[in-house]
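This briefing is organised by topic, for use alongside the sequence and the three-dimensional view.

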Amino acid sequence: MSEQFIALKRSYPEFNVKLLKDSVICTGLIMPTSRSVNYSFKLKYRIGKRPKVNILNPELKRNFNNDKIPHVYPLNELCLYYPKYQEFNSKMLISDCIIPWTILWLYHYENWHITGEWKGGGIHPNSSGIRKKAS
C-alpha cells in the first residue's frame, strides 16, 4: 500500500491521499477536458479488492433520453474495467491506471450526455443485469 500511496502523492500532489493499515483513500477534483466541470471524487483501494471510485459532486445523472448511466455498479460506483479480463491487478499503480481511466470515463460520460451514445466501449450491465458488450 505504501507504494500506491507514494505514487499517488508524486503523480497527483493536489489530491488528498491517506494511507491506512490495509487501504489507500484518495479524494480530489478532476476535469476530463478544459471545458468540463470539476468533478469531486473518492477512490478507495483495499489490498486484494478492486479499486472503488465514486463521483461525489456533481451528482451523476441520466442523459436527455432518461437512459440509465452506463458502466456503473450499484450506488453509481464507476465501472472502469472488466475485472474478469484482469485489466487491473495489485502490481499495477492506481496513479497510472485508475486515475486516468476515471478521467476517460468522465470524458465518455459527458459525450454520452451530448450524443445519447456511450462511445467508450467496454462491457457493462444492461437493465436485466446480463453483461453485454457496449458498442
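Asn76 is partly exposed, because its relative accessible area is 29%; buried means under 20%, exposed over 50% and partly exposed in between, taken with a 1.4 Å probe on protein chains only. Asn76 also has a positive phi of about 55° although it is not a glycine. The model is predicted: local features need pLDDT of at least 70, side-chain atom pairs count only at pLDDT 80 or more, and totals for chains, interfaces and linings use all residues. Residues are numbered from 1 along each chain as its sequence is written, and side-chain values use heavy atoms, with hydrogens and water left out.

**Overall architecture**

- The protein contains two helices and eight strands, where helices (H or I, at least four residues) and strands (E, at least two) are DSSP runs numbered from the N terminus.
- Along the sequence these elements follow the pattern α-β-β-β-β-β-β-α-β-β.
- The C-alpha trace spans about 45 × 35 × 20 Å along its principal axes.
- Buried residues account for 39% of the 135 residues of the protein.

**Backbone features**

- Most residues other than glycine have a negative phi, and most peptide bonds are trans.
- Asn76 is located in the loop between E5 and strand E6 (77–78).
- Asn66 likewise has a positive phi, of about 65°, although it is not a glycine, and Asn66 is in the loop between E4 and E5.
- A cis peptide bond, with omega about -5°, joins Asn57 and Pro58.
- Pro58 belongs to the loop between strand E4 (52–57) and strand E5 (72–73).

**Aromatic contacts**

- The whole structure holds nine aromatic pairs; rings of Phe, Tyr and Trp (its six-membered ring) pair if their centres lie within 6.5 Å, with planes under 30 degrees apart counted as stacked, over 60 as edge-to-face and the rest as tilted.
- One of these pairs, Tyr12 and Phe15, is stacked, because the ring centres are 4.9 Å apart and the planes are at 10°.
- Tyr12 and Phe15 are both buried.
- Tyr81 and Trp101 form a tilted pair, because their ring centres are 5.7 Å apart and their planes are at 50°.
- This pair links distant parts of the chain, 20 residues apart: Tyr81 is in the loop between E6 and helix H2 (98–115), and Trp101 is in helix H2.
- Tyr81 counts as buried at 10% relative accessibility, whereas Trp101 is partly exposed with a relative accessible area of 24%.
- Tyr45, Tyr81, Phe88 and Trp101 make up one aromatic cluster.

**Cavity and its lining**

- There is one cavity of 30 Å³ or more. On a 1 Å grid over the protein atoms alone, a cavity is a set of points where a 1.4 Å probe fits but cannot get out, a pocket is an open set with protein on both sides within 12 Å along at least five of seven lines, and lining residues have an atom within 4 Å of a point.
- The largest cavity holds about 40 Å³ of space; grid points are joined across faces, edges and corners, and a volume is the space filled by probe spheres set on the points.
- Its lining consists of Arg50, Pro51, Tyr73, Leu78, Cys79, Leu80, Tyr81 and Pro83.
- By class, seven of these lining residues are nonpolar, none is polar and one is charged; Ala, Val, Leu, Ile, Met, Phe, Trp, Tyr, Cys and Pro count as nonpolar, Asp, Glu, Lys and Arg as charged, and the others, Gly among them, as polar.
- Arg50 lies over the face of Tyr73, at 4.0 Å from the ring centre; a charge sits over a ring if NZ of Lys or CZ of Arg is within 6 Å of the ring centre and within 35 degrees of the ring normal.

**Second largest pocket**

- The second largest pocket holds about 320 Å³ of space.
- Its lining comprises 17 residues, of which Leu80, Tyr81, Gly120, Gly121 and Gly122 lie nearest its centre.
- Helix H2 supplies the largest share of this lining, four residues.
- The lining has ten nonpolar, five polar and two charged residues.

**Arg46**

- Arg46 lies in strand E3 (residues 39–46) and is partly exposed, with a relative accessible area of 37%.
- Arg46 and Ser90 are 44 residues apart in sequence, and their C-alpha atoms are 9.6 Å apart in space.
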